[in-house]
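Dear colleague,

I am passing on a structure that I would like you to look over before we discuss it. My notes on the contact between its chains, and on one set of strands, follow below.

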Amino acid sequence: MFHEPAEKSQVKDLAMAYKTRLGVWMFLVYALVYVLFVAINLIDPSMMEKTVLMGLNLAVVYGLGLIVVALVMAVIYNRMCLVEERRLEAPASDKAGV
Amino acid sequence: METISIALFVFFVAFVLGLSFFFARKAKSAAGYYAAGGNIHWAVNGIAFAGDYLSAASFLGICGMIATAGYDGFLYSIGYLAGWIVALFVVAEPMKRMGKYTFTDALDSKFNHKGIQLAAAVSTLVVSIFYLIPQMVGAGVLVTPLLGLPHWVGVILVGSIVIVIVATAGMTSTTYVQFLKGGLLVIFSVIVTGAVLLRGLSTTPDQDGTVPYHKYATIEATVADGKAIPSDPAFRFLDAKEASGSHFVKLENAGKLGWWKQIEKEGKVSLVELQSVVVLADGSKVINGAPASKENQLRQVGNLEAIDGKTGAEATTGSVGPFEFLAKIGSPGTQVRTWKPAKFDDGDAKVTAYYPSITAGSKIMRPGQKFKVEGTPIEKLDFISLMLALFLGTAALPHILIRYYTVPTPAAARKSTIVAIAAIGFFYVLTLYMGLGAMVNAVVNPADNNMSGPLLAKSFGPILFAVISAIAFATVLGTVAGLIVAASGAVAHDVMDRYMGLKLDDRKKVRMGKIAAFVVGIIAIILGILFQGVNVTFLVGLAFAVAASANLPSIIMLLFWKRTTPQGIVASILVGITLSIGIILFSPDMYELYGKVRSDAPIPFANPGLFSIPMSFLTLVVVSLMTAKKPDAKANAELAVG
C-alpha cells in the first residue's frame, strides 16, 4: 500500500491506533487553550494587562504558559505512547521467550 | 573587534565546509544524500530540528520585532512553538511511516498519482523559496556590521557556502551543521539573557559606560500662520511637512539642517529632536543633518523613560531576576521610548524621519503595538489569520518534514520532536528577554530592527558580538541548507525521477539533486538581494501561511478521511498556493513594499491563512466527493446474489 516505505517502518506498529487517537485528543486540548488565548486578545485585550502572578501580567503568564504546557503535554504523550507500545509488544516477547 | 569577528567567522565557515567534505562519502547514495541514511539518533535529530527551525526569523526577526513592538513580536514565538504540537500529535509518526525522502512521498504513499507528485513538488518549491527569502535577507543584514561588507555580498556569501554544504554531503552535512548551530544558538542566547539580567534596567542606558546615552532635545515653539516657530533664536524655521499623521518641521541651526517633530500637549507646542535620513536627488545620503559616513550613521535607540514610576538615577535597578525584569518593564508606571519611521518628500529629496514615541510598559507587554487587536473587524481577522497560520504552518513545512526521514523509526521521529519542542520552546522564552533587552538598552537600529539581537550582544563587548554574529550566520546557513535539500529533493526525486519517470539510478539522482541545489541557491541569492530591509519574521509568517494553506489540509485529510482522492489532494494544494499567494501579493503590506499606498491595496489584510486554509480543506472535500469512484454495479450485483 505504501509507496517506497522506509525499510524499518515496515514493522507493524501495534499501538498505531491508540497513538493516533491519543494524539488527536491531546491536539484538541492544546488547540482549545490556544484558541482561548487568541480569543482573550481579541475580545478583552485589556485583560491581558492585569497582573496575575509574581508581578507578571496575564499576557506574559499565558504566553509563557503555552510554551511550557506544550512541553509538558509532549512528555506525557511520549510516556503514554511508550507504555502502550511496551504493553502491546510484551505478549510477542513472552512467546518468543517460550 | 573586526579581527576577532573575521577570525571567528573564517574559523566557523572553514569548520562547516570541512564537515561537509568529511561527510561527502556518506552522501553518494540517494538515501545518504536526501535522508542522511535514515540513521541519525533521535536526540541529535531533535537538536538538528531546532537548528533547522530556529532560522533568521526566530533569532534576528523575533528579537527585532520584540525590540520595536514589544509583546507582539513574542506572539510569533508562541505561535511558532505551538505549531510543533500539531507536528508531534498529528503528523510526526505517520509522516515517518509513509515517506522515504520527501514530503511528496508521504502524500503520495497511498495513490502513486502523477498529479500529486507534481503538485506537492511545486508546493515544496514555492514554500521553500518563500522561506528562503528572509533567510538570505538575514544573511545580508549580518554581514554588514560583522565584516563591513555590503548587504549583497553577505547574501552571495551565504548562498555560495550553502550550495557547497548541500552539494557535497546533502542531508548528512546539513544535519550536523544544524545540530551544531541549534546547540550553540541556545547556549549563547542563555549567556546574552544572563548578561541582560545582570545589567538590569536604567533610564539612561550607556552600555556599561562604553557609549554615552544621547539625550534628545526638546525646544519650545509658538504657532504663527500655521508654522511652529522655535522660541530659541538659534533655530530658524524653514519648512513643515505632514506624514503618518504627524507634523515634521525643518529647522536650521548653525548652518546645519535637521528635522524635528512637532507635538502639542496641554495647549503648549514643542519640537522634539528626531533622527532623519535624507536621500538627495544625486543619490547621496544625509544623516541627522550631516553627510553619511562610517562615523555618521543613525544612532541606536530604545530606552525606558521611567521604571515603575521612577525616573533618573533612582530608577536604576541593578541586577534583576527573570520575573522581576518582565514585571518592571510591564509595570503601568514604566514608560518605554520606541521609534517609528515616517516618509515624505522634501522637494527632490526623500526624507525618512525616525521619531520617538512613549508608550506605557503595560501596553508594551500585551498585544496591540503591531497587531491591532482593538482595531477594525478586518484588523482583528488579520490577527486571527496570523495566529492560525503560525499554529498550522509548522507541520506543513517541507524542510521540517523531511527531517522525519533521517531517523530510523516512527518512535524516533516522535522522540526527536519532543527534544525539538524542549530546545525550541526554551529558545523562544529567551527571545522575550533578548528582544526586550534590546528595546531598553539603546541598541536598536531604527532603520532595520533585524540586527537588534546581535547589537544587544555587542553592547556587552566585542567578543560576545563576534560569537553571536557567527552563530547567527550559522543560523542562516543551517536553515538555508535544509531548505535547499528540500527543494532539490522536490526537483530531482519528485519531479524528475517519479513524475517524469526518468528512472534515475542512485548516482544520477544524487547528481540531479546537486544541480537542483545549485539552481535553487542562485534563485535564493537573487531574492535575498531584492528583499533587503524587510523584517524577516514578517516574511517567514507569510511562508507559514502558504505552507499551512497548500500542504496541511492534504496531510490531515489523507490521515483522517478515507474518502480523500488524489484529485482532491491536487486541487487542495493548488487552491491553497494560489489563494494564499494571491492574497499576500495584493495585501497592504506588499503594496508598501512595491512603493505604493497601503490603502490602495485591493485586499485589506496581510495574512491569508484564515481564508486560504479553510478554502483548501473545502476544495479537497468537494473535489474528493466529485471524483470518488462510484460503486461497481456488477460487483454489487454479484454481492447481492451471493
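Contact here means heavy atoms within 4.5 Å. On that basis, in this predicted model, 47 residues of chain A are in contact with 54 residues of chain B. The size of an interface is often given as the accessible area lost when the parts come together; between chain A and chain B the buried area comes to about 4,400 Å², with carbon and sulfur atoms giving 71% of it.

As for specific interactions, there are four salt bridges between chain A and chain B, including one in which the side chains of Glu85(A) and Arg414(B) meet at 2.9 Å, N to O. Nine residue pairs, both at pLDDT 80 or more, are in polar contact between the two chains. On the side of chain A that touches chain B, the elements giving two or more residues are α1 (16–43), β2 (56–57) and α2 (58–97) of chain A, and α2(A) gives the most, with 16 residues. By class, that side of chain A has 31 nonpolar, 10 polar and six charged residues.

Turning to the strands of chain B, β1(B), residues 218–224, runs antiparallel to β6(B), residues 268–273, and four bridges join them, with Ala221(B) standing opposite Val269(B) in β6(B). β1(B) also pairs in the antiparallel sense with β2(B), residues 227–230, over four bridges, and there Val223(B) has Ala228(B) as its bridge partner. β1(B) and β2(B) form a hairpin with two residues between them, and Asp225(B) in the turn has a positive phi of about 55 degrees.

With best regards

Notes: Residues are numbered from 1 along each chain as its sequence is written. Chains are lettered from A and ligands numbered from 1 in the order in which they are written. This is a predicted model: local features need pLDDT of at least 70, side-chain atom pairs count only at pLDDT 80 or more; totals for chains, interfaces and linings use all residues. Side-chain values use heavy atoms; hydrogens and water are left out. Buried area is the accessible area (1.4 Å probe) that two parts lose on being put together, summed over both. A polar contact is a pair of N or O atoms within 3.5 Å; within protein, one must be able to donate a hydrogen and the other to accept it, and residues adjacent in sequence count only if both atoms are side-chain atoms. Ala, Val, Leu, Ile, Met, Phe, Trp, Tyr, Cys and Pro count as nonpolar, Asp, Glu, Lys and Arg as charged, and the others, Gly among them, as polar. Two strands pair if DSSP finds at least two bridges between them.
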